[in-house]
Amino acid sequence: QVQLVESGGGLVQAGGSLRLTCAASGGTFSNYAMGWFRQAPGKEREFVAAISWSGASTFYADSVKGRFTISRDNAKNTVYLQMNSLKPEDTAVYYCAQGWGATSEEYDDWGQGTQVTVSS
């Protein structure tokens, strides 16, 4: 089982940027694909981005494509989500998880989440 801890959330104005960090422990991080999801109040958890174990493959939700970038540093057991050109509709709790795919059922271990709030 992998333990995941997200950080880097906060309050930002529309058009601004944030970088989220997910620190992993308790497993062989470099063996795992990783993903980011988000959940806004009253909405279902939705896929944001995923990255393969090596970092060679990534894919994104259409809603964030071109604005968000997922990356990883296997030497630091860390995955990142760089978020640029933020919009109020990006406001949500952001979670990292271990797995691969665009649905939450394809992921096993989850962090506790970090709040991102984008003001208009």
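Student: How do strand 3 and strand 8 pair, parallel or antiparallel, and over how many bridges?
Tutor: Strand 3 and strand 8 run antiparallel and share six bridges. Two strands count as paired if DSSP finds at least two bridges between them. Strands are DSSP runs of E with at least two residues, numbered from the N terminus. The model is predicted: local features need pLDDT of at least 70, side-chain atom pairs count only at pLDDT 80 or more, and totals for chains, interfaces and linings use all residues. Residues are numbered from 1 along each chain as its sequence is written, and side-chain values use heavy atoms, with hydrogens and water left out.

Student: Which residue of strand 8 does L18 face?
Tutor: L18 stands opposite M83 in strand 8.

Student: What is the strand order in the open sheet?
Tutor: The open sheet has four strands in the order 1-3-8-7, with antiparallel pairing. Strand 1 (3–7) and strand 7 (68–73) are at the edges with a single partner strand each, so one side of each has no neighbour in the sheet. Neighbouring strands are turned by 15 degrees against each other on average, direction ignored. For such angles, axes are lines fitted to C-alpha atoms, and angles run from 0 to 180 degrees between N-to-C directions.

Student: And how many bridges join strand 1 to strand 3?
Tutor: Strand 1 pairs with strand 3 (residues 18–25) over five bridges, in the antiparallel sense. In strand 3, S25 is opposite Q3, and A23 is opposite V5.

Student: Changing topic: how many disulfides does a search of the whole structure find?
Tutor: The search finds one disulfide, where the term denotes a pair of cysteine sulfur atoms within 2.5 Å. C22 and C96 form it, with their sulfur atoms 2.0 Å apart. C22 belongs to strand 3 and C96 to strand 9, so the pair ties together parts that are 74 residues apart in sequence.

Student: What is its handedness, and are C22 and C96 buried or exposed?
Tutor: The torsion about the S-S bond of C22 and C96 is about 55 degrees, so the disulfide is right-handed. Both C22 and C96 are buried. Buried means under 20% relative accessible area, exposed over 50%, and partly exposed in between (1.4 Å probe, protein chains only).

Student: Which residues have the most contacts inside the largest nonpolar core?
Tutor: They are W36, L81, M83 and Y94, in a core of 33 residues. A nonpolar core is a set of buried Ala, Val, Leu, Ile, Met, Phe, Trp, Tyr and Cys residues joined through side-chain atoms within 4.5 Å. Strand 5 gives the most to this core, with five residues.

Student: What does M83 touch beyond its neighbours within four places in sequence?
Tutor: M83 is in contact with G16, S17, L18, L20, R67, F68, Y94 and V116; contact means heavy atoms within 4.5 Å.

Student: What about salt bridges: how many are found in the whole structure?
Tutor: There are four salt bridges, each defined by a side-chain nitrogen of Lys or Arg within 4 Å of a carboxyl oxygen of Asp or Glu. One of them joins R38 and D90 at 2.9 Å, N to O. R38 lies in strand 4 (residues 34–39) and D90 in the loop between strand 8 (78–83) and strand 9 (92–99), so the pair connects parts 52 residues apart in sequence. R38 is buried at 5% relative accessible area, and D90 is buried at 0%.

Student: At what N to O distance do R67 and D90 meet?
Tutor: R67 and D90 meet in a salt bridge at 2.7 Å. R67 is in the loop between strand 6 (58–60) and strand 7, 23 residues from D90. R67 is buried, as is D90. A network of salt bridges links R38, E46, R67 and D90.

Student: And D62, which residue does its side chain meet?
Tutor: D62 meets K65 in a salt bridge at 3.1 Å, N to O. D62 is exposed, with 65% relative accessibility.

Student: Lastly, what is the phi of N77, and of S85?
Tutor: N77 has a positive phi of about 55 degrees although it is not a glycine. For S85, also not a glycine, phi is positive at about 50 degrees. Most residues other than glycine have a negative phi. N77 lies in the loop between strand 7 and strand 8, and S85 in the loop between strand 8 and strand 9. N77 is partly exposed at 28% relative accessibility, and S85 is partly exposed at 41%.
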